[in-house]
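Subject: Structure for you to look at

Dear colleague,

I am handing over the structure below, and my notes on it follow. Please read them with the model open beside you.

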Amino acid sequence: MAALATPVLTRTPQLRPLNILSDLPAVADLIETCFAATLDSDGQRYVQQMRKAGSDNVFLRWATTAVETVSMPLSGYVWEEEGQIIGNVSLIPYRGGGRRIYLIANVAVRPDYRRRGIGRTLTVAAIQHARQRRAEEIWLHVRDDNPGAIALYLGLGFRERARRTSWQAAPDRGACLDGLGMSVGPRLPRDWNEQQVWLQRAYPDSLTWYQSMPWISLRPGLLPSFYRMFLDFETRHWTVHADSRLLAALTWQAGAGNTDRLWLAAPPQGSERAVTALLLYARRQLAWRQKLLLDYPGGEYAAAIEAAGFRAQRTLLWMELDETSAPESRR
Ligand SMILES: CC(C)(COP(=O)(O)OP(=O)(O)OC[C@H]1O[C@@H](n2cnc3c(N)ncnc32)[C@H](O)[C@@H]1OP(=O)(O)O)[C@@H](O)C(=O)NCCC(=O)NCCS
């Protein structure tokens, strides 16, 4: 990484830019230790990939040229004492609606070195790095059950902009909608206007730099079907109506490796039973798939989603740096 001297880098001898050619195995060990309590199978895969990448010379050569251009954690800072990596922060660049965005990730400090200001200094280094590269927005994600880290980020001027829950369920041939009094049907072309408005509410443009919305696949019509046929993964749409009024819509989008996404469109405080019915229906119809994932605003329809057999994997706060309340990171 081309290291421009930032104020915090200049005055902190233990802090240095990540050396992608040599640091990845030690950083992978640190992340595994620090996130042990919350590391799910995706997290374990991430750590394994980092270890593998650290010994792959072709990848490492490419990574040194791609640092600020691809949305991968190829740059960052480490805290080193007596040749050991004690702390880490990663930076991932994104583009969203023409805006240059940095995501701060993997903030981790070895347990026996905590509460000495290392996490704060690493995060300040990441902020200064992003500012020097003319970031228009600086974001991070933190679990809602991590009050220590949330306090750290609030103290540096980050503010909560969204809360998202990741839900997961296995398909189930026996999923039963009896007793809900809801019947699930196909999506009608006239449903699209409302579905689109509700999708934009649940998956707002301000967040889609992280995971883009497959708008072409979601839209009805001939052109989108051609697009899906040749370029995209298969999709299916289902709806629940009451007296020809749309209550909720659900789209299934097949994904790589049998991990599929669901896109739920429902109004604020709408029919809980309609949402449960759609999700149960999807579990039943998709019995040959392996895993269904749903990302949705935290707290919304939570009981309805749980009633359909989905489990919350995590709820993340999406925090953005509010430059008007971030004096410390300017020093
Ligand atoms: C979160 C973490 C990086 C903090 O590192 P750290 O070096 O201990 O943090 P600092 O000493 O710089 O703390 C700065 C401020 O953050 C807050 N803070 C940090 N840890 C805290 C805790 N456990 N409880 C309450 N507040 C805490 C405090 O306001 C603290 O200031 P203070 O010590 O003057 O009161 C570290 O606990 C860690 O590695 N945790 C596991 C991995 C993780 O959850 N990372 C965050 C991912 S989003």
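Helices (H or I, at least four residues) and strands (E, at least two) are DSSP runs here, numbered from the N terminus. By that rule helix α5 is followed by arginine 134, whose phi is positive, near 55 degrees. Two conventions apply throughout. Residues are numbered from 1 along each chain as its sequence is written. This is a predicted model, in which local features need pLDDT of at least 70 and side-chain atom pairs count only at pLDDT 80 or more, while totals for chains, interfaces and linings use all residues.

**The chain as a whole**

The protein chain has 11 helices and 12 strands, and its C-alpha atoms fill a box of roughly 70 × 40 × 35 Å along the principal axes. Among contacts (C-beta atoms, placed from the backbone, within 7 Å) between residues at least 6 apart in sequence, 71% join residues at least 24 apart.

Helix α5, residues 118-132, reaches 21 Å from its first C-alpha to its last, close to the 21 Å expected, the expected span being 1.5 Å times one less than the number of residues. Of its 15 residues, 12 are buried, including Gly119, Thr123 and Ala126.

Ala126 and Ile104 touch the most other members of the largest nonpolar core, which has 41 residues; such a core is a set of buried Ala, Val, Leu, Ile, Met, Phe, Trp, Tyr and Cys residues joined through C-beta atoms within 7 Å. The elements that give two or more residues to this core are α2, β2, β3, β4, α5, β5 and β12. Leaving aside neighbours within four places in sequence, isoleucine 104 is in contact with Val89, Leu91, Thr123, Ala126, Ile138 and Leu140. Apart from this core lies another, of 38 residues, with Met182, Leu218, Leu247 and Ala282 among them.

**Around the ligand**

The ligand is surrounded by 19 residues, of which Arg114, Gly119, Arg120, Gly148 and Leu152 are the closest; a residue counts as near if its C-beta atom, placed from the backbone, lies within 6 Å. The elements giving two or more residues to this shell are β4, α5 and α6, and α6 supplies the largest share, 5 residues.

Most residues other than glycine have a negative phi. Glutamine 269, in the loop between β10 and α10, has a positive phi near 50 degrees and is exposed, with 8 other C-beta atoms within 10 Å. Glycine 309, in the loop between α11 and β12, is partly exposed, with 17 such atoms within 10 Å, and touches Ala169, Asp172, Ala175 and Arg283, not counting residues up to four places away in sequence.

With best regards

Key: A residue is buried if 20 or more other C-beta atoms lie within 10 Å of its own, exposed if 12 or fewer, and partly exposed in between; C-beta atoms are placed from the backbone. Two residues are in contact if their C-beta atoms, placed from the backbone, lie within 7 Å.
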